[in-house]
Amino acid sequence: MPPSHFTSCIRIATYHPLRLPATRLRSSLSVPNPSANSSRRLHITPKRFNMSDFAAYTANGAKTATQQEPIINGNAWDTQTNPAAFDFRSDVTTKPTASMLAAIQQCTLLDDVFMEDPTTQSLEKFIADLTGHESALLVLSGTMGNQVALRAHLTTPPHAVLCDRRGHIINYEAGGVATLSQAMVQPLDPKNGAYLTLEEIQEHAVISDDVHACPTRVIELENTLNGALMPLSEVQRISRWARENGIIVHLDGARLWEAVAAGAGTLKEFCQEVDSVSLCFSKGLGAPIGSIIVGSSEFIKRSRWIRKSIGGGLRQAGVVAAPARVAVEETFLGGKLAQTHIKAKKLEKAWADLGGRAKYPVDTNMVWLEADGVTISDPRWTELGQKYGLRMMGGRLVVHYQITDEAIERAIQVFKEIVTGEQGSFRSKDAEFNNEDMALKGKGVE
Ligand SMILES: Cc1ncc(COP(=O)(O)O)c(C=O)c1O
């Protein structure tokens, strides 16, 4: 039921003089009557799938992996038919498991805008408890989580967000910081190449009420960033200083699960240092959809309001919350992430043995490959990946828990061919861009 003041609005609308029958309305407002032809054009019968088309999109129709042909559709019922098993492009390609799909079938189906859905509310409470925050809010994506959180924190311009120049919020969120929060960004390049330090932040944060200044209201951290860790000790130093200076800290923890699985600290230890965190369910954890933000009750109340304003209020949200819960329990708490880090290290070692090196520390599940004095083009990676039945998107390989040992072996074959292939040592088609350059020019890196 809508709240009572909504019902009275609806009643008023019913008696409004402009709510006349369509023909009377048209004549009184002189709106031309659309011709019968044009109205037919708006109602073209859509092409229906026949059963064989449909089968191609189901588990029954999924093809098995071959050396030549990467699978591009299908379900995750087992590793033979899971298209993610050979897909190194990102951990967003992980596919929901049978237990996640079963959880969807069994979830409650009540309305979350009315805050009545037990599946959603229990997930929110569960994550609030896991992270040591008062409250949590389910959102549809990591982008929605970051942007809602920033908008909730940033109330009155002029205001600025200080963050790592490579951060997701400024490179891959469609300019939302500007359009939604009217904030200026203060991007910094970490001198150590991996993460921002307190000293860099102190040097660039603007703490001033001078009329010329744009004060830093939020420090935004990302952990992990490009697969590299920001150590807990650095987060603690930054956070202590930010609190002393009245600056809010938001953490893009899309992959904070990975940092925890790598032993860098517990979820609570990282999350209690900051005012808000956004955590993704649909990356390494493997849920089909969803992220969550955590913070104080007051922050979450405001975030709920902002989420609604951008169309993120969900009705039967249980279908999103239920598999997300399974993802946290089975993938994260079930300890499946650590083995992906071991596989990533194996890739790093194989590449190093061939004379290459990793561009960023391989602390978790990402391996960024490069070699001295050589740039290997993204199309070359894609092309060689295809040859070995892998999906690759340049020299950044993301290992997730559905990547098989077989896929790792094939990736090493690709490395060997890149190095010693027909065209000679590390010689390949000349690169037009390197990965990061591509990324910064707006080519998505998820
Ligand atoms: C660090 C980080 N934050 C946020 C996001 C955004 O997540 P989504 O794609 O769900 O919007 C991503 C996406 O990969 C990410 O890598």
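1. How many helices and strands does the secondary structure of the chain come to? The count is 19 helices and 10 strands. The model under discussion is a predicted one.

2. Of the 446 residues in the chain, 43% are buried. As for contacts in the chain between residues at least 6 apart in sequence, 70% of them join residues at least 24 apart.

3. Strand S1, spanning residues 135-139, is mostly covered, with 4 of its 5 residues buried. Its partner is strand S7 (residues 291-295), and the two pair in the antiparallel sense over 5 bridges. Within this pairing, Val139 stands opposite Ser291 in S7.

4. Helix H18 comprises 16 residues (405-420). From its first C-alpha to its last it reaches 23 Å, close to the 22 Å expected at 1.5 Å a residue.

5. Which residues of H18 are buried? They are Ala407, Ala411, Val414, Ile418 and Val419. Seen down the axis of H18, the buried residues fall within an arc of 130°, and they therefore line one face of the helix.

6. The face of H18 turned away from that buried side carries Asp405 and Glu409, both of which are exposed. On the buried side, what covers the residues of H18 includes two helices, H16 (337-353) and H17 (378-387). Strand S10 (396-398) is also among the elements that cover these buried residues.

Technical notes:
Residues are numbered from 1 along each chain as its sequence is written. This is a predicted model: local features need pLDDT of at least 70, side-chain atom pairs count only at pLDDT 80 or more; totals for chains, interfaces and linings use all residues. The expected span of a helix is 1.5 Å times one less than its number of residues. A residue is buried if 20 or more other C-beta atoms lie within 10 Å of its own, exposed if 12 or fewer, and partly exposed in between; C-beta atoms are placed from the backbone. The arc is that of the directions from the helix axis to the C-beta atoms. Two residues are in contact if their C-beta atoms, placed from the backbone, lie within 7 Å. Two strands pair if DSSP finds at least two bridges between them.
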